[in-house]
Amino acid sequence: MTDNLVFMMGEYEALVPGDRFYAWNHLWLQEDGDALKVGLTSYAVRLLQDVFFLDWTIDPNTDVSARQEIGEIESSKAVSSLYAPEDGHVLNFNDAPLDDPSAVNTSGYDQGWLYRFRTEAELLSPGDYLDVLNDGWEDTQRMIKGQLN
Amino acid sequence: MIATKTLTVVVSQTSSKNPARRHLEEELVAALLGDETLDVAVVPHLYNLDSGHSGTRFLQSIGGHLVVLCWMYPRAAHWLLDRADIKGHQADTLLVEEEDEDVEIPEARGVGGVELPDRSIYCLDLGLDSDPQLYLEEIARIGDELRAGIESVPVLDDSVGTVDLMDWIAGSPEPEQLERYLDPLSVLSGESGIEPSKRRWYPVIDYERCTNCMECIDFCLFGVYGVDGQDRILVEEQDNCKKGCPACSRVCPENAIVFPLHKEPAVAGALGDVGALKIDLSRLFGSATGLNAAVSERDVELVRDGRDAVGVSVGMPMRQADSDVTQRDELDDLFDGLDAMDL
């Protein structure tokens, strides 16, 4: 198993567990039987803050293409659509965060997983994902700050 | 006529499982039932009611003034009702989103609604606040306002009878079936026996803003739009619309196309830039913006239908596409860390 990594968002330590894959749009993917469980990374959850609404706009067992809008999420401070990370197939959604979206905050790397997914695409290693975070951090700060002003 | 009071208050239920939303609906209905001047009804989410649903027939049967409490922007609700032939004058409510003083709301210069009966429809957005008292006070104010102008209480028009007659011919809901909606507690508890409604997705046109420019019909390649006998644009084949795709709304130069359940306020029927109230992280999670977003959203749906993506080669707006406004401020010490900010 690869070591866990940490990305510093200012003072906040965003954990990047070493036991799974990642996608460019801040999702983690972990092998689960014949599919992958997908969830939001600690980095994404930190930016969202307290999640109180989660909804999917596609049905289970749906083929999706990369960047396709498949759902939406809303927190106390932010709102976002959710997009498929790669071309693939969404098998089913986790009921836990649908019933209580705060599971995304309290157990984002475990109980708060979002959906099960199959893809042929090449995924990012923890180290690759850390590079994505490093490369995008300035831009992300600018984007947030731009919206706050 | 089933409803008999001066004012009917209708709660349009949330389509989500969010317990906070359901709780607000229950609190409101419980309080409203204590007011003898009101008829109170609960219907499934307006957006999911098709023309044959008994909930639609029920709403059509209400002849008097109407307050509709629903989980969408008032503008979206009003034109959704109008489209379902539940027409009236869009009445002002004091319960509105706080406006940013810097944001100018463009003047409406559309073609307007047609054949509006002499009654007022007040649409209140339940997403504004979780405090039921706010809505109850506004409904009380509306009641006073209507009583003050009592001479203008509408006379029920004949169209109601016509609808009923057509229902009989089609074997559609009988009056008893419609009366179920006036037993709001049983609707809320799911014990009313009304038929289920499934989630739907389609555009709603705000005719106060629509100038009939036809850019939407040119842009949409799925045959959603058509024109009526007077060459007025309309949503003709709503079930051709692609779930989640709001592309036509982005190309509309007047912001007249509303997708009531879209998460972007500007698409969902907000006027002005209320999106600024919350940070939109969509770009972080993978979205494109503006006209580019519309083009890629359309391409995704074309490909899913087994057709070829067309990119910018078809149906581009005549106007200059607004260039994406990217606010690039100088980074300063303020943003050393998220902890330093009250995000």
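## Arg200(B) and its surroundings

Leaving aside neighbours within four places in sequence, Arg200(B) touches Tyr47(B), Asn48(B), Leu49(B), Asp50(B), Gln238(B) and Asp239(B). The model is predicted. Arg200(B) sits in a loop of chain B, between helix 7 (184-188) and strand 6 (204-205).

Is Arg200(B) buried or exposed? Its relative accessible area is 12%. Buried means under 20%, so Arg200(B) counts as buried.

## Chain A in outline

Chain A has four helices and eleven strands. Of its 149 residues, 57% count as buried. The accessible surface of chain A comes to about 6,300 Å². Carbon and sulfur atoms hold 44% of that surface.

Now take the contacts in chain A between residues at least 6 apart in sequence. Of these, 59% join residues at least 24 apart.

## A sheet with strands from both chains

Strands of a sheet pair through backbone hydrogen bonds, either parallel or antiparallel. One open sheet here has four strands, in the order 6(A)-8(A)-9(A)-10(B), and its pairing is mixed. Which strands form the edges? They are strand 6 (51-56) of chain A and strand 10 (279-280) of chain B; each pairs on one side only.

Within this sheet, strand 8 (residues 69-75) and strand 9 (residues 78-83) of chain A run antiparallel. Five bridges join them. Glu72(A) has Ser81(A), in strand 9 of chain A, as its bridge partner.

## Strand 10 of chain A

Strand 10 of chain A covers residues 88-93. The strand is mostly covered, with five of its six residues buried.

Which strands pair with strand 10 of chain A? One is strand 7 (residues 62-64) of chain A, antiparallel, over three bridges. Here Asp63(A) stands opposite His89(A). Another is strand 11 (residues 115-118) of chain A, also antiparallel, joined by four bridges. Here the bridge partner of Phe93(A) is Tyr115(A).

## Confidence

The mean pLDDT of chain B is 80, and 78% of its residues reach 70 or more. Over residues 155-165 of chain B, the pLDDT is below 50. Beyond near neighbours in sequence, that stretch has nine contacts in the model. Residues 320-343 of chain B also have a pLDDT below 50. This second stretch has 43 contacts beyond near neighbours in sequence.

For the complex, the predictor gives an ipTM of 0.81 and a pTM of 0.64.

Note on methods. Residues are numbered from 1 along each chain as its sequence is written. Chains are lettered from A and ligands numbered from 1 in the order in which they are written. This is a predicted model: local features need pLDDT of at least 70, side-chain atom pairs count only at pLDDT 80 or more; totals for chains, interfaces and linings use all residues. Side-chain values use heavy atoms; hydrogens and water are left out. Helices (H or I, at least four residues) and strands (E, at least two) are DSSP runs, numbered from the N terminus. Buried means under 20% relative accessible area, exposed over 50%, partly exposed in between (1.4 Å probe, protein chains only). Contact means heavy atoms within 4.5 Å. Two strands pair if DSSP finds at least two bridges between them. pLDDT is the predictor's confidence in each residue, from 0 to 100. Accessible areas come from the Shrake-Rupley method with a 1.4 Å probe; for residues, only the protein chains shown count as cover.
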